[in-house]
Amino acid sequence: QVVFCAVRLRFENVSKLDLLEYFETSGNYSDIVFVQQSDKLFYLSFDPFGNSGEPNESDNFIITAANCVIEEVQ
């Protein structure tokens, strides 16, 4: 059984915000990379290169931040 929910991501102490591409979406993503790196920074890419599941220097639509708060939207 698949359960869907909406979440709000709030990034704090953002160190990188790379939104240079036109990236149209209706809120549905088939592939993202969202990890906490060894340097403890959170890394999110909504357009990862090669769909490897790991950060890549060719990723697009990137957010890097010291903290991320995830909240379920009712």
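Author: A residue is called buried when its relative accessible area is under 20%, exposed when it is over 50%, and partly exposed in between, with a 1.4 Å probe and only protein chains counted. The model is predicted, so local features need pLDDT of at least 70 and side-chain atom pairs count only at pLDDT 80 or more, while totals for chains, interfaces and linings use all residues. Residues are numbered from 1 along each chain as its sequence is written, and side-chain values use heavy atoms, with hydrogens and water left out.

Let us look at the aromatic rings. The structure holds three aromatic pairs (rings of Phe, Tyr and Trp, the last by its six-membered ring, with centres within 6.5 Å; planes under 30 degrees apart are stacked, over 60 edge-to-face, the rest tilted). One of them joins F11 to F34, whose centres are 6.4 Å apart and whose planes stand at 80°, an edge-to-face arrangement. F11 belongs to strand 1 and F34 to strand 2 (residues 33–36), so this pair ties together parts that are 23 residues apart in sequence; strands here are DSSP runs of E with at least two residues, numbered from the N terminus. F11 counts as buried because its relative accessibility is 19%, whereas F34, at 31%, is partly exposed.

Another edge-to-face pair is made by F46 and F61, with 5.2 Å from centre to centre and 80° between the planes. Because F46 lies in strand 3 and F61 in strand 4, this pair ties together parts that are 15 residues apart in sequence. F46 is buried, with a relative accessible area of 16%, while F61, at 21% relative accessibility, counts as partly exposed.

We can now turn to the core. F11, F42 and F46 are among the seven residues of the largest nonpolar core, which also includes L44, I63, A65 and C68; such a core is a set of buried Ala, Val, Leu, Ile, Met, Phe, Trp, Tyr and Cys residues joined through side-chain atoms within 4.5 Å. Strand 3 (42–47) and strand 4 each supply at least two residues of this core. In soluble globular proteins, nonpolar side chains tend to be buried together.

Conventions:
Helices (H or I, at least four residues) and strands (E, at least two) are DSSP runs, numbered from the N terminus.
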